[in-house]
Structures are given as C-alpha cells and as structure tokens.
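Biologist: I'd like to get to know this model one contact at a time. Could you walk me through it with a few questions and answers?

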Amino acid sequence: MITGGQSFVSAPPAFSADGRLLLVCTGRTVSVFSASTGMLVSELGGHEGDVTAVVVPPPPADAPAVAKVVSYCWTAGLDGVLICWDYVAAELVRKVQVGLPVHYMVIPNITRTSKGADVYARFAFVSVEDTSKPSKEGKALRGQMRIYDLTRGCQVGNLLAETRKPEKIVVSSSGEFLGITNKRKLHVWSVPVKDFKAENVRKIKLHHTKILNTLAFHPSERTVAGGDVTGRILIWRGFGNAKFSVSDGAKSKVDEDRDGVRGNSDADTCTTWHWHSGGVKFLKFSSDGAYLFSGGMEGVIVVWQLDTGKRRYKPRLGSPLLSFVDSPDSSISCVSCVNNQVHLLKMPNMEIMRSIAGIKLPISSPDLGGCYRDVYGFDYANRLVAVATEDYCIQFYDLFENSEISEVQVCERNFQPVDDITMYISLVSLSIDGNLMCTVDVKLPEEELGGLVTLKFWNQGSRAGKYFLSTVIYEPHSDAKISAIAFRPGKNMAATSSFGGNFKVWVQSTLSQPSDEKNQSGWRCQSVGSYKNKPLTAATFSTDGSVLAVAAESVITLWDPDNNALVGVIAEALSPITKLSFVGTSTFLMSLSQSSKPQVAVWNVPNLSMQWSYSLFAEAACCSSSRSEFAILALLSCPDGGTPAEQDGVILLFDAENPKPVSSWSVKKAKGGSIAFLKGDSSLVANTKDMIDGEASLLVYVNGSHEYVIFDPRNEELHIGKSARKNVQTEEPAPIGYASIYGELPKLESKKEVPEIPFTPSERPWETIFSGSSHVLPPLTKLCSAFLSSLLEKRPVANE
Amino acid sequence: MAADTSKPFFPAAPQAALVPSGRKPSRLSPESSYWRSFRTSELAPRNEFNVTHLAFSPARSTPTLAASWSTSVLLFSGDPLSPLPRISVSNDVAYCPSFRSDGALLAVGDKKGIVRVFRADKVSSGPLRTLTAHSAETRVVRYPVAGGDKVHLFTAGNDALLAYWDVPSETPVFTVPAAHRDYIRAGSPSPADNNIFATGSYDHSVKLWDARSGKTPSLSFTHGESVESVLFLPSGGLLATAGGNVIKIWDVIGGGRLVHSVESHVKTVMALALAKMTNTGETRLLSAGSDGYVKSFDYGQLKLTHSMRYPMELLSLACSPCGTVLVAGSSKGVIFMGRRKKKPADEDEEEGKGVGGEFDWAPPKPAKPPLTPANYRYFIRGQNAKPKEGDFVIAKPKKVKFAEHDKLLRKFRHKDALVSALAKKNPKNVVAVMEELVARRKLVRCIGNLGIEEIGLLLEFLQRNATLPRYARFLMGVANKVLEMLADDIRSDEKLRGCIKNLKRMIAEEVQIQRTLQGIQGMILPMLALASK
C-alpha cells in the first residue's frame, strides 16, 4: 500500500539548527527536505495521528559546540504524544504522553535551577483539545494550555489558560514571552527564563475590537504585533511594563497618555497598520527586529519597515499564504501556501529558490455549489493523476513517486486569490495511453451574459505530463455544457456529450505536412447525434472501441461511432445516469445515477437488459480495462444532510456477473474523492504469484482532500511497498554563516612541533639546503645558487 | 543743404543692438590663421616703376622668382629669397617673365614687342633667342606647363596678335592677327594639355586656343569687363578670369558655362594666382586687386576664406610652388614678400604634401578634428551606427505598448475602458474588453453607468456588429440587456431612438436572411437524403 498526497502546509514547517534541512509535517509523518535542493531526504514516521507541530529547539546557549552534533526535534500529534527525534538519523529518541490531542506546541529556550546550578531543561507549552467536554456546546472551553517538562516527561503547574478551541501558541525568540490569540484579546505570559518555575508565570491581556488571528513577538524589544481578520496589524510597544517589570518604578506610567492603547491593556503605545484586505494569516519579525513580515489571503508577503511603516512587497505567490518561517541564520525563509506548496525564499531579496509542491487541493468555493464536481483525470499507463487546480492549471502528479510532474495552464488568465471564481475547468479526460488529453473549461456568465464553454484537445509532448495545445473549440455544443468526454481506445477519436441534447464525435484530421516538424493535425467534428432531444448525460466507448454508449438521461443508447448510426436502446434506469462505463472486455455496461434516487446498475449489452442493480450513492466508479470487474466508491451517508461520519465511504469491488461484492474497504473523506485502476508496476509484482493475468492492475483511491492510497484490490496483504526510494545522495555540507561569506578558516594548529633537523644527505638536496636553525645556515644569497643548481639537476632526470 | 534739413536736429543714439559690437571674432578660422602666419617684408625699394608681372620658377629645388621691374627683370632665389644680379632686358620696359616648365629658360617680352629668351641660371650671358613678330608691347608671354613641352611658347600683345612660337628656330608656328579686337593683356596655359591656352583681352572676351587647330579659337566667351587676368585652375577644366572687380569661374569643358562669379574687390582685380596651403594641402585661388587687397577663394566650396590688405595698389601676384612664399607686386615698385614661418611641426607635413609642388586636381577633404566633450556630437557619437554584416545584433527588448483601454482596465476604470474601446471602433477589442468585464462581473454595472452619448456609441457598435456570426451569441445578449436596462434613457433621447430604429432594421434584415437560408436548407435536405441512399 502506498499512501501519498499529504498536505505539506497543515502546520508550519521548521528549519533544522544548521538551516540546511526543512522539517515539514505531512500527515502522520514528518518529511525532511533539503533546503538547497528541495528533495526529500528522509521521513520520520511514528505518530498514530496527524502531526500538528514540529519544533527544533534552539541549541542551549552554553553549549554551542554540542549543537553541531545534536540534531533533535520534537513533534506533537493528534494522538497525544510528544516525540523527540534525531532527524538526521531518522530515529525516535523518546516519547512523552500527553493523552489529549495536541494542536500546537512550542519549546522556549529556558533553564531551570536545580541544586544551585543552571541545568538545561526543556519545557513544552502545548495547546491541547479537551475531548472530555462535549463538542456540541459552543461555549465549552475545549482548548487548554499546559506545560510539560520534557526531561521528566510529566506535566508541571496548572493550566495556563482555557479557550474555546486550542489556540496557536507563539513564543518570542528569547523564550521570555508566550502569547496566544483569544477572540479579541491577546494573552501574553512572561516566563522566567532562568530558574523556571511554573508558579512564576505572569499574564497580561491586550485588547482589540476585532477577532485576532495571529501574533508575533519582537526579537529584542518588548513589542508584540497582532493581526486581525479585517487585515489590520496592531503593534503594541512596551507591553507589560507595569506587570512584568520587576521594579515598581513603572507604575507612574499609568497616568501618562497612552497612544491608541485600548482599555486597561498594559502597553505604552499601540499603532495600527492596514494594508491587507483579507485576514492576516501570519506575522513575523525579522531576526534583527527592523522589519515585520505579514501575509494573508492576497498571496503577497508585505515587508514593513518597523520604524517608518514603509512597505515592500513580494507579490504573485499565487495562493493565499499560511505561515512564514525563517532559518536560524536568516538566509533562507519558507512560506507555506494554501495550494500545498512550500516556497523557499532567498532572504534579503525574497527570490524563490525552490518550491516543494504537493498535490494541489480541490477548489473550495461555495458559489459553484452543485454544478461543480471535483475533476480528476487518471493516466492509466503512466500512473499519473491530473487534478484541476484553482489557478486554471492541470497538475500532473506522480502517484508512485508522490511528486509533482508538471503543470499545464489551460485558461489564459492570471489567477488572483481574492477574486471570486469566474472560470473553472469542468472536465479533464486522458486517453488510456496518455497520449491525448481533452479539457473543458467554463467561463461563468454575468447575468446570462458572456458565458463560454471551451473544449481543448492536447497532444502529449516529449514525456508524460507534458502536453501542448492542439485544437481549441469554442462553444462546441453551442452554449450547452458538456457532460462527458470519452476517448475511443486505439483510435484518435473522441466523443463529447452535452446537456444540450446532442453528442459530437471528434476525429483528429491527419493533415500532417512533411515539411513541418510538428504534426499540424487538428481535431474536427465528424458527426453529430441526438436522441429525442433529451439531455445527454454520459458517454463512453467500449474497450474495443466498436460501440459508443451515450446516456440520454435515464436511457442508454448504443451507437456505431463510425457511421453514426443508432444500434440499440437499453431500457430505462431509475434516474438520469451520470456515468457510464463498459466493464473490461466483457459484455457488461455499468452505469451510475447520482441524483436523489441513486443507482448502480450493470447492464447486459447483447441482451439490452439489466443484469443487476443496487440503490447506492456512488461518488465514483472505475472499471478494469482487462477483467470483468469494477470498483465503486459509495457514500454511506446521503450527500444531502446527515452528519459525515469518520468513515463515510466504502470502496466495493464487484465482478460484473455477480451482484455480491468481491471485497470492500471503508475509507474516510469519500465525498469529492475518486477511484481508478492503474497499471501495475511489473517490476514490483514480478516475483509474486499475481502474474496469471499477465497484467496486474492496482486501485488508487483519492479522497476529498487529495490524499491518496494505492493498493492491490485482490491481495489483502499490503505487499506493494513504497517503490525503492531513490537514494538520496548525501550532499556536500554547504557552508553557512561566516564560512559562506569568507570561506573556511585554515585550521590553526596550536603548537607546531619543531621536527628533528635531518642532516642526512638525500637524493633531493633542496630539501636539506634550508633545513637547520637560522643561526647555523649560511646567508640566503649563498644558498640561492646551491638551491637553483639543485633544481637544475632535476630537469634532465625529468626529461629522460 | 536740402539733405541736411531733412536730418533730425539732434540725432538719437542708435539702438544698441544695431551698433556693431567692437570686439573681434574671438577665434580665427584655421584658414585665416594660416594666412596670417605669413610675415610680410619688402623685397624691392620704392620707386616709380610698376611691378607688372611676377613669376616663380616651376623647378622644385629652390624657389626662384622673376619680377618685371622697369627695363629689367629682377631675379630672387633661395629661402628666404635673396636677390640675384638683375637682367637688363632691353632699352624698353620689360613685361611678363615666364619660366619654361623645367625652369631652365626664361622668356621676357618688352614694350616694343620683342620677346627674348634667356637662360635662367646665366642671365648675364645675354638672350639666347630673340622672337620678333609683335609690333606693340607683349604683355603675354607664356610657356606651356603640361606635357613637358620645351620648344613652344605663345605670346600676345597690345597689337591683338597671337603668336605660337617654335623657340629654337625663332619662327612662329602660327600667328593669329587680330585674335582679339583690343589689347590682349592676359593669357594662361592649360595644366592639362600643352596645346591649349586661353587669352583674355580688353575687348571683354576670353578665347581658348588649340595649337593643333591653329587660327580659330576653339572657344570664346565674354567676361563682361576688360579682362586683366586669366588662370586655369589645376584640373584644367575650370578657368578663372578677372576683369573689373569681378572674378568669374568658367567651365571650359562644358562649353564655357559660367560656374561662379565673385565680386569681392572694390577696384579692378589685376592678377590671379594659385596658392597651395602647406598645412592642409588644399589649393586656393588668390586674387590681387588695385584696391590693395589679396583675397583667398576656396573654389572647391565656392566661398571666400580670407582677405589680406596691402598698403599699395597691387598689380601682380605669385605664390611659390611649395606654398611657403607669397609675393605681390605693387604699382610703386615695391614687391611684398610674405613668408610663412616654419614650425618644426610643419616640416614633416611639408614633406608629405606641401612640397608636392604641382597643384592638385581636387582639394582633399580636410581631416575632421577629433571630437571633444566640448561638442554635442561627442555625446551622441556612435548612436546611429549601423551593424555590419556578420555582426551579432542584440535587439532591444520591445516595449510593450498598452492600448488605452488596457491601461484603464488596470486602473479598474471599467466604464472608461469600455468607452475608450468603443470609440476606437475595433470590434475585436470591444468584445475583448466586454469579455474581460464579464470576468470581473462589471459589465452590467458599466452599461448601467453609461451617459447618453456613450449609449449612442454602444448602440451604434451593436448595430454594426451584433449580427456578425463571430460575436453574435455574446452581443445579442448584450443588446437585449442594454435595451432592457436603458429603455427609459433611449425613449427620452431623439438620437438614441434613431439608433434603435437602425438596430431594428438590421435585425429585420438578419431575420430575412435566416429565412432565406432556411428555405435553401429545406430544398437541399431532401436531395441529400436521396443522395445518401
């Protein structure tokens, strides 16, 4: 079983202590990427639930030499465990049980006094979800902040705070201050850095009128910045002077005029900056404290000069931003985007060095509503999935390698994250050998004006996932939408069916000119057919390509694609059919209905009769190309209403002749998911007994959030391991810090040992000429001639 | 007295702008500074004799000057010129000494009309030949210069006789009596051909003679004044004539066409000479007038370049072949000698071009001075350079030009963008802008915001393009929307009602066309059905 497609951006990533590795939370594992190449180095897998935080604790200040060797990180997961890893060796070091799902964790750099001396100790401040309280009540305080002593593995002190939901904890770089956002307030704790005791933690609140999203602490000053949902950034300077300062002299400040500070918040001044039109998602002070980075919905990193409030921008990141992390030496920073990409930025000029791209997430937009279904295309031969992305591209993702192959821009339009959707890709279809691709993109009309459906045919380029545009057809079925595209196996022919009541058969005209390198062939319409002017809702070709089946609402019509002649009509289904597929090489035809009266039916084509049917809501279905079996992805709960359960879907594998399912698997997040058969990896299954059919096919299930799993449907044993991991070459350690600027310092040997002076005459006299103490040596002018003559002696020897 | 009364009693001070400013031109032209570098001295003492003719020997070695001075010929030689023993030619006044082309012989005419030929290096030995044909003073005695002709000589005089001599035998080859109708005072051999020479006379005419054809002039034209001097320019194709205060340049190859006329002197121009500038190697035509001026004329660019003033009336002028000595003879017997100071820098230049002696055909173009940052062209130099063949040209990246509607769309001025596109009347652009507005969800609001005139534009556009098949589906929808939204505005305005009438007519036409097409389709369909069976 292969899993993949995890989100890289569910939690902020972390840089390793030397800044060369990037630790990214990917589902239940932590992936370690190289910051210089963007390649996966290793994976840390041991959590039972999703990993929610990864923290590389700063090296203890008193032991810098050790920090080079030690490469520990702590991770926290929803399974309620904190794990310490050696991320270079990918080994688990120790575990600390929390017991409740941990949502956020920070480990400030603090010490504890024990037995009179400063002893280095780790304390984790975790934000957990109290699952004992009922989730239905909105008022319940389910979020808790706790402190854990990681060296002892136990909780210390009481709860720091209780909130409605677990809040993100932010710590200042010195470890002195901790903060969370709680609705319209910032809670800031002052933590004693030395001699830590849980009782000594003091707390203040800073008030605002809008719900706050995020906060950041200044690295050196007592300044905190908060970002709210309306896009404002508030900067409180000198917070906690009254309460945190040890001396009581600060009391006098209360009477002074405090600029912009609301209520009884404990701060000197509060200034507001406003540029973002949407909510601020992250705030981060630069390590020298001169700049503040902010980002959010607009996909623009704004760099604020802290003293003047002047702005600089890093625009066109293409997607709303989630988090911003910089490396310990501040030369690299990484920003996570909503579209599952992590960009590594070279810091002073913010140039994108690398992008770590995961599979892009489905388009989540409420206004598309029911008319939009998630779009998948599967490349059977190359084992790729093509997903339509929000920025009008089709992303090709290698399912076995779990990596992005390419992106094909379908619509000529720049994507802006803040725009409402006016255009989307409604269908993607790949031929079974992956040579041809067909896409349909829809421009949404404004009050019935200017809507446009465009059909595009693409030819494959030099390698899998590279396509170039062959033909563009505007309004292929006048203004009616296209319901299905089917490629005819073995021939350059495609059929599109539309809700407007007709289907068209397209052929690639072979006008290949010998003079041109490129094949200038375009696609044209060969024939048009319709059945009683009913909307045609699905179309498919049989495996040998001789029959075209088109569903006219609830009736299935069979056509001869070459002569455009109606061959037969199969009796009605219960409701309009949304998907048709021939089952392998058999004589059966499978249909899905996805309306209020859902149905999965298998039809016997020669008899024009129904074989069997279930009343099941199937989200997706796929048919094996060689055998007479097919799989459906059925939703257990009705899509309209009803609470989504944890395991809301089931994959059923049927043999076409038999209504009893061969096998079944229950899955999560089936809504919006899809399944497909893929060509088996012959190298992997070569030594197994599954070679009887000649071709083993694997089943891939992609769930609603684009995570996927590949498994062999006939073998319950999970014997397909991950494909042999590409050996990651251990890269040359890149110089960092001082060495990156000035180069390596020569190793200074502390004491040069004076060697014994050899006076034995040797073959090479120049070695002995200058050896000896300076007071015994003759003057250099005399030695020179001897030295030169010794060199001269060497030449004839070399020439012979 | 009447003129005096017309004047104002107290003349007002002239306007400051009209008064010529006293300061001299700050910088001399290079030409002027060249001519100013001649240091003038007097060669012969003052007396009552006219120095009517001056001639330099064409021999290259040392400049040798012959000057007619009373009854004798003064000879000067060397650098600087130093007087040699003078030749007493005859009892009468001597005229027009002329050196042979190799500088070995010197021919001199006199008042009686007798022409004597001396050895230039041994003048004291008396005349070698004596040519007698003229009956009056011979003011023109010339050896030919071209072709190394050493045996012939032509003479002309006040008796209007022209004689062409075979000198060794002392007999004329031919004589032309009454060659002119008045005194012949000027003559010049052609530098291109030894047979051709020109004469000018007081009868205002200039005649070109060819010794081969003999007695009749091959060309004749009128100068317009009594001709005092004629001179072939170095190419042999141009002839300069001086008469009155006018110098005229004629194209003799082109049949005596007047090329240019210079009226630079105030009194009669008495002599012409060619001078070679040693610094640039160019040749100038010098003219000396009885007003005491010597003027330098650049016949290449046909402009006067410099003028020099002498204190006396000048009668003759000559310039040494190497160009370093300029002599002018006055009516008071004084010979002014201008000698150019030799600079060490000039030496090698003179080696290169100055010593060439013979005058060039066409003046070489002066070398351009190197550009300095004082010059504007210095800063734009090389900007118009054209690439040579084989050069790799790196093209400047083309600046993307945005149309006005694109700029407005960038600024989110949607209505202005639509109006700007409509005003440009390119249906492609208008439809593209409308589609973009649809994508921004702003088209309906834009249409709602249009003013009366802009509605007119839109309706006109719709009328013209709504039925084009390419845009029809989109524009018909727009047209419906416009009518629906702006019905009140349209009803209230006379012009818009006209637009709507047009739109209606256009729709009716389109409906008619569609009907016709459907009729044709109905006729064809049964035929197709039959054919397919």
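**Helices, chain contact and sheets**

Biologist: At roughly what angle do the axes of α9(B) and helix α10 (residues 472–485) of chain B cross?

Modeller: A word first: this is a predicted model, where local features need pLDDT of at least 70 and side-chain atom pairs pLDDT 80 or more, while totals for chains, interfaces and linings use all residues. Residues are numbered from 1 along each chain as its sequence is written, chains are lettered from A and ligands numbered from 1 in written order, and side-chain values use heavy atoms, without hydrogens and water. Axes are lines fitted to C-alpha atoms (for helices, over the stretch in contact), with angles from 0 to 180 degrees between N-to-C directions. The axes of α9(B) and α10(B) come within 10 Å, and they cross at roughly 145°.

Biologist: How many polar residues are in the contact of α9(B) with α10(B)?

Modeller: From α9(B) come Leu458(B), Leu459(B), Phe461(B), Leu462(B) and Asn465(B), which meet Leu475(B), Val478(B), Ala479(B) and Val482(B) of α10(B) (contact means heavy atoms within 4.5 Å). By class, the contact of α9(B) with α10(B) has eight nonpolar residues and no charged ones, and the number of polar residues is one.

Biologist: Thanks! Are helix α6 (residues 414–424) and helix α9 (residues 452–465) of chain B roughly parallel or oblique?

Modeller: The axes of α6(B) and α9(B) are 10 Å apart, and the helices pack at about 55°. Under 35 degrees counts as roughly parallel, over 145 as roughly antiparallel, 65 to 115 as roughly perpendicular and the rest as oblique. This angle therefore makes α6(B), relative to α9(B), oblique.

Biologist: How many charged residues does the contact of α6(B) with α9(B) have?

Modeller: Here Lys415(B), Val419(B), Leu422(B) and Ala423(B) of α6(B) face Glu454(B), Leu457(B), Leu458(B) and Phe461(B) of α9(B) in contact. The contact of α6(B) with α9(B) includes six nonpolar residues and no polar ones, while the charged residues number two.

Biologist: And how do α7(B) and α10(B) lie, roughly parallel or roughly perpendicular to each other?

Modeller: Helix α7 (residues 427–439) of chain B and α10(B) have axes that come within 12 Å and cross at roughly 70°. The contact joins Val431(B), Met434(B), Glu435(B) and Val438(B) of α7(B) to Phe474(B), Leu475(B) and Val478(B) of α10(B). Six of the residues in the contact of α7(B) with α10(B) are nonpolar, none is polar and one is charged. As for direction, α7(B) and α10(B) are therefore roughly perpendicular.

Biologist: Which residues of chain A lose the most area to chain B?

Modeller: The contact draws 14 residues from chain A and 15 residues from chain B. About 1200 Å² is buried between the two chains, with 53% of that from carbon and sulfur atoms. On the chain A side, 48% of what is buried comes together from Arg413(A), Glu446(A) and Leu449(A).

Biologist: Which residue in β29(A) is the bridge partner of Phe324(A)?

Modeller: β28(A) and strand β29 (residues 332–337) of chain A pair in the antiparallel sense over five bridges. In β29(A), the partner of Phe324(A) is Val335(A).

Biologist: Last one: which residue in β12(B) stands opposite Arg142(B)?

Modeller: The open sheet here runs β11-β12-β13-β14 (chain B), paired antiparallel. β11(B) and strand β12 (residues 152–156) of chain B pair over three bridges. Opposite Arg142(B) stands Phe154(B).

Methods: Two strands pair if DSSP finds at least two bridges between them. Helices (H or I, at least four residues) and strands (E, at least two) are DSSP runs, numbered from the N terminus. Ala, Val, Leu, Ile, Met, Phe, Trp, Tyr, Cys and Pro count as nonpolar, Asp, Glu, Lys and Arg as charged, and the others, Gly among them, as polar. Buried area is the accessible area (1.4 Å probe) that two parts lose on being put together, summed over both.
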